[in-house]
Amino acid sequence: MDWFEKPFSLTRQCELLSIHKSNLYYEPKGESEQNLHLMRKIDEQYLKTPFAGYRMMSALLGRAGEAVNEKRVRRLMRLMGLTAIYPKPDLSKANKAHKKYPYLLRNIVINQVNQVWSSDITYIPMKNGFLYLVAVMDWYSRYVLSWELSNSMESGFCVKALQTTETNL
């Protein structure tokens, strides 16, 4: 029998792979029943109050009768991938590398329909993600000329809203 036909021992295999032999026998434990219960409660509460961080979540769970501390809630929220939704700092700061366009309507008096239109995109939080809403408005009448919904931020639904506006005139 040649040397390559003999199987390597587990010790030798671990040496070749540079891993500890104890890793072969380790079986990770899952979360306890109590933690799974808390994770369900956190998930339910997060759907109601997505702006709640781990501190507020701990307080809300405490009011609901769950005895839990902030460290556990923080660990479970991190494990679940939940973070509080709130405005982050410096969102309005301009990037110096981007070109600044002049404001063209500064000295214009808007006194008739269809003189100035604007469009805006916003998102609507849903249970399983977001819907995106684009609206085209007339500035004088404040009338919504057209709108479209999409479940993705691709440009097609924005173009469709503008084309719908143009065909309705």
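Trainee: Which way do β1 and β2 run, and how many bridges join them?

Mentor: Strand pairing is read from the bridges and the direction of the strands. In this predicted model, β1 and β2 run antiparallel and are joined by 10 bridges. The two strands form a hairpin, with two residues between them.

Trainee: How many bridges pair β2 with strand β3, and in which sense?

Mentor: Strand β3 covers residues 144-150, and its pairing with β2 is antiparallel, over six bridges.

Trainee: Is serine 146 buried or exposed?

Mentor: Burial is judged from relative accessible area, with under 20% counting as buried. Serine 146 lies in strand β3, and it counts as buried because its relative accessible area is 5%.

Trainee: With which residues is serine 146 in contact, leaving aside its neighbours within four places in sequence?

Mentor: Contacts of this kind show what a residue meets beyond its own stretch of chain. Serine 146 is in contact with Val134, Ala135 and Val136, and also with Ala161, Thr164 and Thr165.

Trainee: Where is threonine 165 placed, and what does it touch?

Mentor: Threonine 165 belongs to helix α5, residues 156-168. With a relative accessibility of 1%, threonine 165 is buried. Not counting residues up to four places away in sequence, threonine 165 touches Trp117, Val136, Leu145 and Ser146.

Trainee: Which residues of helix α4 are buried, and why are they said to line one face?

Mentor: In α4, residues 70-80, the buried residues include Val73, Leu76 and Met77. Seen down the axis, the buried residues of α4 fall within an arc of 100°, so they line one face of the helix. On the other side of α4, Lys71 and Arg78 are exposed.

Trainee: What covers the buried residues of α4?

Mentor: The cover includes α2 and α3, the latter spanning residues 54-63. Just after α4, glycine 81 has a positive phi of about 75°.

Trainee: Which residues line the largest pocket, and how much space lies in it?

Mentor: The largest pocket holds about 220 Å³ of space. Its lining consists of Tyr46, Leu47, Pro50, Ile85, Tyr123, Pro125, Met126, Lys127, Gly129 and Phe130. The elements giving two or more residues to this lining are α2 (33-48), β1 (117-126) and β2 (129-138). The largest share, three residues, comes from β1.

Trainee: How do the residues of this lining divide into nonpolar, polar and charged?

Mentor: Eight residues of the lining of the largest pocket are nonpolar, one is polar and one is charged.

Methods. Residues are numbered from 1 along each chain as its sequence is written. This is a predicted model: local features need pLDDT of at least 70, side-chain atom pairs count only at pLDDT 80 or more; totals for chains, interfaces and linings use all residues. Side-chain values use heavy atoms; hydrogens and water are left out. On a 1 Å grid over the protein atoms alone, a cavity is a set of points where a 1.4 Å probe fits but cannot get out, and a pocket is an open set with protein on both sides within 12 Å along at least five of seven lines; lining residues have an atom within 4 Å of a point. Grid points are joined across faces, edges and corners, and a volume is the space filled by probe spheres set on the points. Helices (H or I, at least four residues) and strands (E, at least two) are DSSP runs, numbered from the N terminus. Ala, Val, Leu, Ile, Met, Phe, Trp, Tyr, Cys and Pro count as nonpolar, Asp, Glu, Lys and Arg as charged, and the others, Gly among them, as polar. Buried means under 20% relative accessible area, exposed over 50%, partly exposed in between (1.4 Å probe, protein chains only). Contact means heavy atoms within 4.5 Å. The arc is that of the directions from the helix axis to the C-beta atoms. Two strands pair if DSSP finds at least two bridges between them.
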